[in-house]
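Trainee: Hi! Could you walk me through this one?
Mentor: Happy to. Have a look at it first.

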Amino acid sequence: MTPALETIGLHKRFGALIVANDINFRLEHAARHALIGPNGAGKTTFINLITGRLAPSAGRILLNGYDITALPQAARVKCGLGRTFQINTLFRGLTVLQNVCLAVGEHAGIGGNMLRVFGSHRSVLEHAYHLLEQLHIADNALSLVRELPYGKQRLVEIAIALGLQPTVLLLDEPAAGVPSAETAIILDVIEQLPRDIAVLIIEHDMELVFRFARRITVLVQGAILVEGTPAEIAADARVREVYLGERQHA
Amino acid sequence: MASSRLVRTNLSPLFNWRPAHSASPVEALILRHRLRAIELLPWFLAICAYYAFADYLALGCQILIMILFAMSLDLVLGYAGIVTLGHSAFFGVGAYAAGIYAARVSGEPLSGLIIGAIAAAAIGWTSGLVILRTQGLTLLMLTLAITALLAEAANQASFITGGADGLQGVDMHPIFGIFNFDLYGHTAYIYCLVVLFVAWLFARRLIHSPFGQSLIGIRENAARMHAIGSPLRLRLVTIYTISAALAGVAGALLAQTTQFVGLTVLGFQRSGEIVIMLVFGGAGRLYGAFIGATLYMIAQDQLAKLDPTYWYFWIGLLLVLLVMFARGGVLGLIDQGLRALRSMR
């Protein structure tokens, strides 16, 4: 079976600095996969290569078996690739519902429609609102995003990504910056994500990673060090050496 | 793009879409575009002004034209967040196109407006394709450069534009063959008002459409718009072209109602002034153009009477105060006032 997402020999260099070194990575369908690694290991670079924010120096990226290496960012999204951002990247001056509506509308292909008002696309609005209900932020539907507490803004990040109905969802440190008391809410939402979406999560919080992931890939200095089940990773001597030993710094 | 729909997605039952039962936030968003009574106030006032200030209809025309010009700027600057100091390029191209059409081809006004719009849209589209790859200061400089290029072209091509002497011989036919442009500006005022009204209906529909909302999205966060699969360049070039067309109509109106086109229509000063007017009224609000252009033009008229040489000082002072204490312009001030009133109760 073709994996949901696959990179073959993915390589990225900035001058002499190699930030992604021959990465061969497979994300299976309906996967719950975590990507971990010390700071500066190239995790976010890897995400940016997959989503098309950066162009690789060499290598290929396949989404559900199709080569998307040459596609621009927007086309990859249309192919079913969704992402969230490590640092909130939201429409801060708009309401929560409007934030999600923009994504749902763009996915529904009405984003360029000039002749009908947004309000007449009722199904788009209702779908967006339904997503808010699922993430328990429907009460804030009409609040401006910039007025929400940070934890809820993280949920809007996820709601926007889900509005695109992705087959592959990349979560870039979904709990980053959230006070530990609210992390549980984020984790609940992540655990309740639709089963058939393949989820790749980048996270520093080891508790979250080991609770969520069924496979873990460890990235060190732009290359894959080891991949395995959480138990295998926890027992791996190299991982302990390069990563778990530095956990406190992460 | 054949590859854009490679994958059909289906979500698990938990996330499957079902109609929300009594989702009032959804209703609120559906009703957002409904016309409120206050939105008719400008039109009521404009009609009142026609009767109350019959001696000032020439100024009235200028105000209506500048409102249209400022509204076109609002679409790119206020909504899409495209920073430009070169919007007079499109105003000027519209004015020259309509003026030359009237002088050389036909004095029929409505076809002249369309010629002005098309000419400005063509310049907007071609220049937009090139300069909208950039942003920030680079974009600002490029918009200035385009205007300077066009102004110099108009200056050099004096055989058709009249150069520094201005375009002579603009002779207008009656509108629909019936309404003559009279010396007092009655016809011109109504003509400008109707054109502005139609443009307003169009712009209002546009900003409430998904397209218009996506422009706000680009202004608020371009990175996220990329990440939700929005074609940003296409959207920006499209609104730039539409805005250019509206600015071209405003320029065409000026050419037709004054029956003259001078090089100042392409000047840097006009580009700067229109930004000031919009900031005055409040950008990104559609009605900021109405308030800003009206106040600015009246202030200019009155201050220039008091002191013909130094009136710009007062405009400058007013701008400093507004930018320091009321970033949202006059409309922003009104918002603040209303909020203060509500919280007092």
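Mentor: A term to start with: domain bounds here come from an automatic or database domain assignment. This is a predicted model, where local features need pLDDT of at least 70, side-chain atom pairs count only at pLDDT 80 or more, and totals for chains, interfaces and linings use all residues. Residues are numbered from 1 along each chain as its sequence is written, while chains are lettered from A and ligands numbered from 1 in the order in which they are written.

Trainee: Okay, which domains is chain A divided into?
Mentor: Domain 1 of chain A covers 1–77 + 168–177 + 198–250, and domain 2 covers 81–165. Their centres, taken over C-alpha atoms, are separated by 26 Å.

Trainee: How many residues does each domain give to the contact?
Mentor: Domain 1 of chain A gives 15 residues and domain 2 of chain A gives 11 residues. Two residues are in contact if their C-beta atoms, placed from the backbone, lie within 7 Å.

Trainee: And which element gives the largest share on the domain 1 side?
Mentor: That is β7(A), with 5 residues. Helices (H or I, at least four residues) and strands (E, at least two) are DSSP runs, numbered from the N terminus.

Trainee: Switching to sheets: what order do the 4 strands of the open sheet in chain A take?
Mentor: They run β2-β1-β4-β5, with antiparallel pairing. Two strands pair if DSSP finds at least two bridges between them. β2 (17–27) and β5 (66–67) of chain A stand at the edges with a single partner strand each, so one side of each has no neighbour in the sheet.

Trainee: How many bridges join β4(A) and β5(A)?
Mentor: Strand β4 (residues 58–63) of chain A pairs with β5(A) over 2 bridges. L63(A) stands opposite Y66(A) in β5(A).

Trainee: Now chain B. At what angle do α13(B) and α14(B) pack?
Mentor: Helix α13 (residues 288–306) and helix α14 (residues 311–325) of chain B pack at about 135°, with their axes 8 Å apart. Axes are lines fitted to C-alpha atoms, for helices over the stretch in contact, and angles run from 0 to 180 degrees between N-to-C directions.

Trainee: What do we call that orientation?
Mentor: The two helices, α13(B) and α14(B), are oblique to each other. Angles under 35 degrees count as roughly parallel, over 145 as roughly antiparallel, 65 to 115 as roughly perpendicular and the rest as oblique.

Trainee: Last one: how many residues of chain A are in contact with chain B?
Mentor: 51 residues of chain A are in contact with 45 residues of chain B. On the chain A side, α4(A) gives the largest share, 7 residues.
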